[in-house]
Amino acid sequence: MTEKIFDYMSNYGYEKILLFQNEDVGLRAVLAIHSTVLGPAAGGCRFWTYASDLDAMEDAMRLARGMTYKYAAAGVNLGGGKVVVIGDPKRKDREMLFRALGRFINKLRGEYLTGEDVGTTLQDMDYMRMETPYVITLSKASGGAGPIGGATAFGVLQAMKACAEETWGAGANLQGRKIVVQGLGAVGYPMVEYLVKEGAAVTIADIDAQKVAQVKNDFGVNAMDVRDIFSADADIYCPCALGGVVNDETLEQFRVKIICGSANNQLRAEKHGDALQQRGILYAPDYIANAGGTVFDTDRLWGGVNVERGMNKVSKIYERMKQVIDISKSQNIPTYLAADHIAEERIAQARAIKRIGGYNQSAPLTL
Ligand code: NAD
């Protein structure tokens, strides 16, 4: 896409790309705004070391488009955007870096709302909040919802329950089901907790031995070597670590009936989603299953932090997953495409009123 950026933008419906620079604090950042059809563009701020500036731009663009689809499919009135900061995510002096970025974001007057992502912390968000109100993810101390991994895990659980009913019949639950959870971080840990409460037979795997020992100790579950995850004799594989886990090598190994987890970009390529359908493995599209955190987090735009209302919205992921399954079956298409259809249909519907102009301006102003 690099030589033909404008063609790529028009093919995939991008609105704008902005480059922010401040030499004094070493800020170099790319903001991609994919869509503001449903509302202000929202999406986290990633801090990462990129091989080139174009790689950073490509990452921002890909992630921004993903956010458009995630919000649209979840029925949240927000568009998609993402900012990436180029640099060492372990950098120590962060205050002025993120305050500088906050100032740039503030100039957009709410067209883009930022939040936490890979390489950034709630502390970084609090720094940006010193310069702009357009920050969604904030610590509880700063008036935000705090960490969102638990809400994401709760959403994954909803999607998993919908998949279990489809696979084992109406009323089926997760009791006694053999479930492998890969990754025991912000999402994986509460995921194990939820699944144990459901009575599932959970096996865990993580590259971090300390985390494995901790989770084994906390929940009394079994552990397995990360190399055995894909061929595990289990009912459900729950990826909560990195993306790209469904690929040419792993496809042949899966013995599970369902793949449902929080990891972003689980399919290495779309053809792997097609292959899962052919193999009769039910795949919960990542952005459907993992929307819980963002749904919970952005809920406060509509009237402040309210845990009950926020989690109630997250629980709707169950119905959304059922809808995805229905479309997939009725149109005989893979679930990842069915999810895209739901998102694209909602955006197409909202486009009709976009011509009137002025999306819900009160949303960012209530921050
Ligand atoms: P995290 O960094 O807190 O945890 C990831 C865990 O995965 C770590 O414990 C790490 O040691 C482990 N890990 C890394 N590589 C592994 C491997 N090959 N095998 C086994 N374990 C491995 O991340 P997180 O916030 O829990 O997010 C997990 C995934 O879910 C990511 O893909 C993230 O993008 C996605 N996601 C997270 C949220 C959220 O609310 N945090 C929301 C949506 C999507």
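Trainee: Leaving aside neighbours within four places in sequence, which residues is Ala159 in contact with?

Mentor: This is a predicted model, so take what follows as a reading of a prediction. Ala159 is in contact with Cys260, Ala289, Ile317 and Met321, once its neighbours within four places in sequence are left aside. Ala159 itself belongs to helix H5, residues 149–168.

Trainee: Is Ala159 buried or exposed?

Mentor: Ala159 counts as buried, because its relative accessibility is 0%. Ala159 and Asp286 are 127 residues apart along the chain, while 9.9 Å separates their C-alpha atoms.

Trainee: Now the helices. What span is expected for helix H14, and what does the model give?

Mentor: Start with the general idea. An α-helix has 3.6 residues a turn, so residues three or four places apart point the same way. In this structure, H14 covers residues 335–354, which makes 20 residues. From first C-alpha to last, H14 reaches 29 Å, close to the 28 Å expected at 1.5 Å a residue.

Trainee: Which residues of H14 are buried?

Mentor: The buried residues of H14 are Thr335, Tyr336, Ala338, Ala339, Asp340, Ile342, Ala343, Ile347 and Ala350. Their cover includes helices H2 (53–74), H9 (270–278), H10 (286–289) and H13 (317–330), together with strand E12 (282–283).

Trainee: How many residues of helix H4 are buried?

Mentor: H4, residues 122–129, is mostly covered, with 6 of its 8 residues buried. Those are Leu122, Asp124, Met125, Asp126, Tyr127 and Met128. Strand E4 (45–48) and helix H3 (95–107) are among the elements that cover them.

Trainee: On to the sheet. In what order do the strands stand?

Mentor: Strands of a sheet pair through backbone hydrogen bonds, either parallel or antiparallel. Here 6 strands form an open sheet, in the order E9-E8-E7-E10-E11-E12, and the pairing is parallel. Strand E9 (222–223) and E12 stand at the edges with a single partner strand each, so one side of each has no neighbour in the sheet.

Trainee: How many bridges join E7 and E8?

Mentor: Strand E7, residues 178–182, and strand E8, residues 201–205, pair in the parallel sense over 5 bridges. As one example, Val181 has Ile204 of E8 as its bridge partner.

Trainee: Where does Val221 lie, and what does it touch?

Mentor: Val221 lies in the loop between helix H7 (209–219) and E9. Val221 is buried, because its relative accessible area is 8%. Not counting residues up to four places away in sequence, Val221 touches Val192, Val196, Val202, Ile204, Val215 and Lys216. Ile204 is the residue named above as the bridge partner of Val181. Val221 and Ile179 are 42 residues apart in sequence and 11 Å apart in space, C-alpha to C-alpha.

Trainee: How many residues surround the ligand, and which are closest?

Mentor: 22 residues surround the ligand, and the closest are Thr152, Asp206, Lys211, Ala241 and Ser262. A polar side-chain atom of Lys211 lies 2.8 Å from an oxygen atom of the ligand. Ser262 likewise places a polar side-chain atom 2.8 Å from a ligand oxygen, and for Asn264 the distance to a ligand oxygen is 3.0 Å. The protein covers 74% of the 830 Å² of accessible area that the ligand has on its own.

Notes
Residues are numbered from 1 along each chain as its sequence is written. This is a predicted model: local features need pLDDT of at least 70, side-chain atom pairs count only at pLDDT 80 or more; totals for chains, interfaces and linings use all residues. Side-chain values use heavy atoms; hydrogens and water are left out. Helices (H or I, at least four residues) and strands (E, at least two) are DSSP runs, numbered from the N terminus. The expected span of a helix is 1.5 Å times one less than its number of residues. Buried means under 20% relative accessible area, exposed over 50%, partly exposed in between (1.4 Å probe, protein chains only). Contact means heavy atoms within 4.5 Å. Two strands pair if DSSP finds at least two bridges between them. A residue is near a molecule or strand if one of its heavy atoms lies within 4 Å of it. A polar contact is a pair of N or O atoms within 3.5 Å; within protein, one must be able to donate a hydrogen and the other to accept it, and residues adjacent in sequence count only if both atoms are side-chain atoms. Accessible areas come from the Shrake-Rupley method with a 1.4 Å probe; for residues, only the protein chains shown count as cover.
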